[in-house]
Amino acid sequence: MRNAPTILHLDMDAFFASVEQASKPSLRGKAVVVGGIGPRGVVATASYEARVFGVHSAMPTAQARRLAPNAAYLTPRFALYRSISDQVMALLRQLSPLVEPLSLDEAFVDLEAGDAARDEASAREAGARLRADIRAVTGLTGSVGLAASKMLAKIASERAKPDGLVLIEPGTERALLSPMPVRTLPGVGPATGDHLRRAGITTVLDLSEAGEDELVRLLGKAHGHALYAMALARDDRPVVAEREAKSVSVEDTYAVDIHDRLRIGLEVRRLADRCVRRLRGAGLSGRTIVLKVRRYDFSTLTRSETLRGPTDDPTVIREAAARLLDSVDTTGGVRLLGVGVSGLADYTQEDLFAQAAGEPAEETPEEGVPDFGPERPEPAAPEWRAGQDVRHPEYGHGWVQGSGLGRVTVRFETPLSAPGRVRTFRSDEAGLEPADPLPLVAQVEAAVEGETEDGMRG
Ligand code: TTP
Ligand code: MG
Ligand code: MG
């Protein structure tokens, strides 16, 4: 492990909800919940004002409505979130060539590789400058963690939230980690957390005192070994610009073709468990479960299933692999079987997709699919979605605050205006049409013009 806190972890604060507040002046300082709005929808995120009521990611929206009935409930605008994410990632790449994005709002940066920092003072300065730049370019706040390893940088940014910067001084890591719950460590999801608790292990100190042998006994070799190292704050994982492992997979070739369907099922289950141990050992989780089957005649086929969010849960992965096997004809025998997981992330959303199972497709937030804009098919009677951008020839730009019973309420305001007024229309109002989102900060061109003017006046 390096001895300077030059690994930076950035995570934007209440990302989707903050974008909505920046877009919609009337929602600033208010409880905002972004997610599936339908009866079976789940919360993507909540503003910090809404979190006070106990609302959080992956909670059913119906439950959130009971906890925070007065919050604004908005459907996600993924295309806008993605474009802001691109701006943030571009700022990170100015700091270093080694940027490892983990999700839309989160990334590791190796400051040393970019010569952006060498020691504690320069790292702190780079982090502070980055936060200011993000604010200037996007209008949003992000929290920064700085430490000598990825694990601790991520823990630091979590402690910095919201709108802060925390630097963990090298040498203080173990004292800091010891009292923390085991779930703080990467690779410890809800399932592993429960398993450890039943063995009496709740804190990181308990993990290090249990010792490596005990952890290996409880969790298997790869996972136990990795977790013990993390508990001692040993983490040498490098920041990788392109994720090295696009997938984690295991496979077995059999000396004699297997014909028995029951035996094939058992083998797939065993492979799924092995794959989970690998995944957890690397502190990863993934969304796409892949089954590979090579048949007696060497024909090879793969089947895959993509979940709503990343998982490292053995039950979920076992069941997905079993479902995939159901669709494969194995008469004649198989000579190779494999199970893999791709679409990797180093966090899990088990709760999200467990609760979302069976949710109607139109409520499934699909990344990268804009839910507004010109390519939106023109419905006979327009269906207005809460949060959606609209334009009206008379009142200008606004957003849909609510709709139903043949009416739609629109608040007319823009990111740069004062909080605006609400007007109600018939939902088939002739002039009202979907619009593109507006930029959250004054355009750079405008700022340059302003400077020129100042210069001329001075
Ligand atoms: P997070 O960074 O986990 O959460 P956040 O940015 O909303 O809040 P904070 O980091 O300040 O605690 O996730 C980033 C975005 O990803 C979040 O704004 C919405 C989306 N998301 C989901 O859609 N579902 C989820 O279960 C989670 C955790 C996040
Ligand atoms: Mg975030
Ligand atoms: Mg995040």
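In this predicted model, the UniProt annotation "binding site", from an unreviewed entry, covers Asp 11 and Asp 105. The annotated positions are spread over 95 residues of sequence, yet they cluster in space, with a largest C-alpha distance of 5.6 Å. For "active site", again in an unreviewed entry, UniProt lists Glu 106. The chain that holds these residues has 15 helices and 17 strands.

**Annotated residues**

- Asp 11 is placed in strand β1, which spans residues 7-12.
- Asp 11 counts as buried because 20 C-beta neighbours lie inside 10 Å.
- Leaving aside residues up to four places away in sequence, Asp 11 touches Asp 105, Glu 106, Gly 142, Ser 143 and Ser 157.
- Asp 105 occupies the loop between β5 (99-103) and β6 (106-110).
- Asp 105 has 23 other C-beta atoms within 10 Å and is therefore buried.
- With residues up to four places away in sequence again left out, the contacts of Asp 105 are Asp 11, Met 12, Phe 15 and Ser 85.
- Glu 106 is buried, since 21 other C-beta atoms lie within 10 Å.
- Glu 106 touches Leu 10 and Asp 11, not counting residues up to four places away in sequence.

**Helices α4 and α5**

- Two packed helices are described by the angle between their axes and the distance between the axes.
- The axes of helix α4 (residues 78-95) and helix α5 (residues 120-138) come within 10 Å and cross at roughly 150 degrees.
- Because of this angle, α4 and α5 are roughly antiparallel to each other.
- The crossing in which α4 passes α5 is right-handed.
- On the α4 side, the contact is made by Ile 84, Gln 87, Val 88, Leu 91 and Leu 95.
- On the α5 side, the contact is made by Ala 126, Leu 130, Asp 133, Ile 134, Val 137 and Thr 138.
- By class, the residues of the contact of α4 with α5 comprise 8 nonpolar, 2 polar and 1 charged.

**Helices α11 and α12**

- Helix α11 (residues 221-231) and helix α12 (residues 261-281) pack with their axes 7 Å apart, at an angle of about 15 degrees.
- This angle makes α11 roughly parallel to α12.
- The crossing in which α11 passes α12 is left-handed.
- From α11, the residues that make the contact are Ala 222, His 223 and Ala 226.
- From α12, they are Arg 277, Arg 278, Arg 280 and Gly 281.
- The contact of α11 with α12 has 2 nonpolar, 2 polar and 3 charged residues.

**Backbone features**

- Most residues other than glycine have a negative phi, and most peptide bonds are trans.
- Ala 58 has a positive phi of about 75 degrees, although it is not a glycine.
- Ala 58 is found in the loop between α2 (48-51) and α3 (61-67).
- Ala 58 counts as partly exposed, because it has 18 C-beta neighbours inside 10 Å.
- Ala 233 also has a positive phi, near 65 degrees, in a residue other than glycine.
- The place of Ala 233 is in the loop between α11 and β9 (247-258).
- Ala 233 is buried, as 26 other C-beta atoms lie within 10 Å.
- Lys 161 and Pro 162 are joined by a cis peptide bond, with omega about -15 degrees.
- Pro 162 lies in the loop between α6 (150-160) and β8.

**An exposed loop residue**

- Gly 171 lies in the loop between β8 (165-167) and α7 (173-177).
- Gly 171 is exposed, because 10 other C-beta atoms lie within 10 Å.
- Between Gly 171 and Ala 148 there are 9.5 Å in space, C-alpha to C-alpha, and the two are 23 residues apart in sequence.

**The chain as a whole**

- Of the 458 residues in the chain, buried residues make up 40%.
- Among contacts between residues at least 6 apart in sequence, 63% join residues at least 24 apart.

Conventions
Residues numbered from 1 in each chain as written. Chains lettered and ligands numbered in written order. Predicted model: local features only at pLDDT ≥ 70, side-chain atom pairs only at ≥ 80, totals over all residues. UniProt positions renumbered as here; feature names shortened; annotations may be inferred. Helix = DSSP H or I, 4+ residues; strand = E, 2+ residues; numbered from the N terminus. Buried ≥ 20, exposed ≤ 12 C-beta atoms within 10 Å, placed from the backbone. Contact = placed C-beta atoms within 7 Å. Axes fitted to C-alpha atoms, helices over the stretch in contact; angles between N-to-C directions. Parallel < 35°, antiparallel > 145°, perpendicular 65-115°, else oblique. Left-handed = near helix turned anticlockwise from the far one by under 90°. Nonpolar A, V, L, I, M, F, W, Y, C, P; charged D, E, K, R; others polar.
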